[in-house]
Amino acid sequence: MNLVIDISEETEKTTVNLSGEIDAYTAPKLKEALLPLTKQNGLIVEINLEDVNYMDSTGLGIFISALKSAKENNSQMKLVNLQDRVFRLFKITGLDAIMDINAAIRGGSE
Amino acid sequence: MDEVMNLSAATYKDLLEHYIKTQDEKSLYEVEKVSKNFIKNSKTPEEIVNLHIQALSELYPNLKEDFQHSMNFLLEAMIAYGLAHQEYQQLREKQYELKTEIAVAASMQETLLGTTKPDIEGLDIGVVSVPAHQMNGDYHHFVKGKDNSLGIAIADVIGKGIPAALSMSMIKYSMDSYPEESMSPRAILKNLNRVVERNVDPSMFITMFYAQYIPSESLLHYSSAGHEPGFYYNAEKNTFTEIESKGLVLGVSPDTDYQQYKLKINKDDMVILLTDGVTECRDGERFIESEEVLDVIKQYAHLPAQEMVDQVYKHFERLQDFQLRDDFTLLILRKIV
């Protein structure tokens with residue numbers, strides 16, 4: 001299974017739409033796409049995980065480094081529309097408490 | 001080497017002559033053997049073309065000059081292939097060397113991180129830990145206190161491969177440096193968190209469950225740093241429940257505090273600790289739900305703890321066609337008195 005990364009830039013924020021699986025094979029690609037965005041001062045990076053049906057712990061690692069990078073560079077990272085299985089990982093690892101996560105698949109990100 | 005070449009050269013010439021005359025299958029089969037011998041002795045493509053040219057000129061001294069030129073042309077053309085072939089050979093050797101070195105590193109790691117299952121009166125302990133690749137990114141450790149208490153750590157480093165596995169040694173040595181007994185699970189995690197945060201690559205982190213069992217009170221004190229939740233089996237009610245624990249993974253935020261919980265353990269109760277290699281097992285494209293993990297555990301619950309974990313491991317190994325995707329660690333404690 002592959003991971004498709006689609007980035008759309010709007011005035012207020014940049015949305016990253018992901019679909020597929022995030023694992024050890026696709027994680028480097030995600031890192032390459034995500035880190036430069038979090039390095040832009042003041043940017044809101046919204047990551048839509050609606051079509052991500054599998055993520056392993058390597059994926060968590062990418063989001064942690066993106067979070068650290070966002071903090072250092074004064075940007076913001078938001079995760080939206082997580083499927084249950086993916087959200088569970090954030091919950092177990094306690095990351096849901098320190099990341100901006102909106103898990104609800106329906107009802108948008110607000 | 002040259003002897004091989006001369007011998008093969010003679011055979012090659014004979015085979016070629018025979019084949020030109022008869023075109024039979026046998027000479028083709030024979031030349032395949034010669035060819036394998038060339039590979040074994042690292043003969044380059046241009047050497048083989050050269051061999052062919054020599055054999056031809058001996059068999060047909062009056063070959064047309066045009067044809068001879070064309071063969072020399074081919075010889076030149078093969079030289080680049082020869083270089084590529086040599087490079088490939090060198091890479092193969094290099095790869096073999098690396099593999100050997102990793103195997104040495106893996107066995108060193110095994111020695112460094114080795115832990116022995118302690119004998120604790122009234123407890124039956126079983127543990128299995130199997131790496132998916134050469135080096136294990138899972139870690140478990142037992143510490144037997146002077147007061148007969150038992151410290152148990154189970155951890156999973158996220159970020160795969162060798163660097164991840166190496167960072168486990170850091171955890172182990174930090175833990176060894178803590179004064180025995182005086183450390184509560186929450187204090188141990190708080191300390192380790194700082195060590196990991198300072199020393200590990202940002203995309204790497206470690207989950208850990210640390211428990212301390214006090215036999216005199218039949219109490220399990222525990223804290224979790226984002227680790228896959230384990231299960232508690234209540235023998236009286238014959239129920240499994242997820243062991244409640246919340247806490248951030250190690251290495252993300254330097255000033256994290258961990259909550260500590262306690263659990264009363266009665267006779268025949270079990271505590272089941274695992275890593276996500278167990279819950280992330282896949283059956284083809286299907287994921288295993290944690291209920292299924294429990295079903296399998298139940299199936300072997302009548303066995304002693306070590307046989308139980310071995311059987312459960314075998315079950316999931318079979319399910320995944322003996323190809324582990326992730327390191328697999330399962331630890332079971334059962335109170336027997």
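This is a predicted model: local features need pLDDT of at least 70, side-chain atom pairs count only at pLDDT 80 or more; totals for chains, interfaces and linings use all residues.
## A quick tour of chains A and B

The side chain of Thr256(B) reaches the backbone oxygen of Ser253(B) at 2.7 Å. Residues are numbered from 1 along each chain as its sequence is written, chains are lettered from A and ligands numbered from 1 in the order in which they are written, and side-chain values use heavy atoms, with hydrogens and water left out.

**Around Thr256(B)**

- You'll find Thr256(B) in the loop between strand 7 (239-242) and strand 8 (261-264) of chain B; helices (H or I, at least four residues) and strands (E, at least two) are DSSP runs, numbered from the N terminus.
- Thr256(B) counts as buried because its relative accessibility is 10% (buried means under 20% relative accessible area, exposed over 50%, partly exposed in between, with a 1.4 Å probe and protein chains only).
- Leaving aside residues up to four places away in sequence, Thr256(B) touches Lys190(B), Asn193(B) and Leu248(B) (contact means heavy atoms within 4.5 Å).

**Helix 6 of chain B**

- Asn193(B) is buried in helix 6 of chain B, and so are Pro185(B), Ile188(B), Leu189(B), Leu192(B), Val195(B) and Val196(B).
- At 1.5 Å a residue, the 15 residues of this helix (residues 185-199) should span 21 Å, which agrees with the 21 Å between its end C-alpha atoms (the expected span is 1.5 Å times one less than the number of residues).

**A strand pair in chain B**

- Strand 1 (residues 123-130) of chain B has 7 of its 8 residues buried, so it is largely enclosed by the rest of the structure.
- Strand 1 pairs with strand 12 (residues 328-335) of chain B in the antiparallel sense, over 8 bridges (two strands pair if DSSP finds at least two bridges between them).
- Val130(B) has Phe328(B) in strand 12 as its bridge partner.

**Where the chains meet**

- Chain A brings 21 residues to the contact and chain B brings 22 residues.
- In chain A, Lys68(A), Arg85(A) and Ile92(A) lose the most area to chain B, together 27% of what that side buries (buried area is the accessible area, with a 1.4 Å probe, that two parts lose on being put together, summed over both).
- Lys246(B) forms a salt bridge with Asp96(A), with the closest N and O atoms 3.8 Å apart (a side-chain nitrogen of Lys or Arg within 4 Å of a carboxyl oxygen of Asp or Glu).

How values were computed: A polar contact is a pair of N or O atoms within 3.5 Å; within protein, one must be able to donate a hydrogen and the other to accept it, and residues adjacent in sequence count only if both atoms are side-chain atoms.
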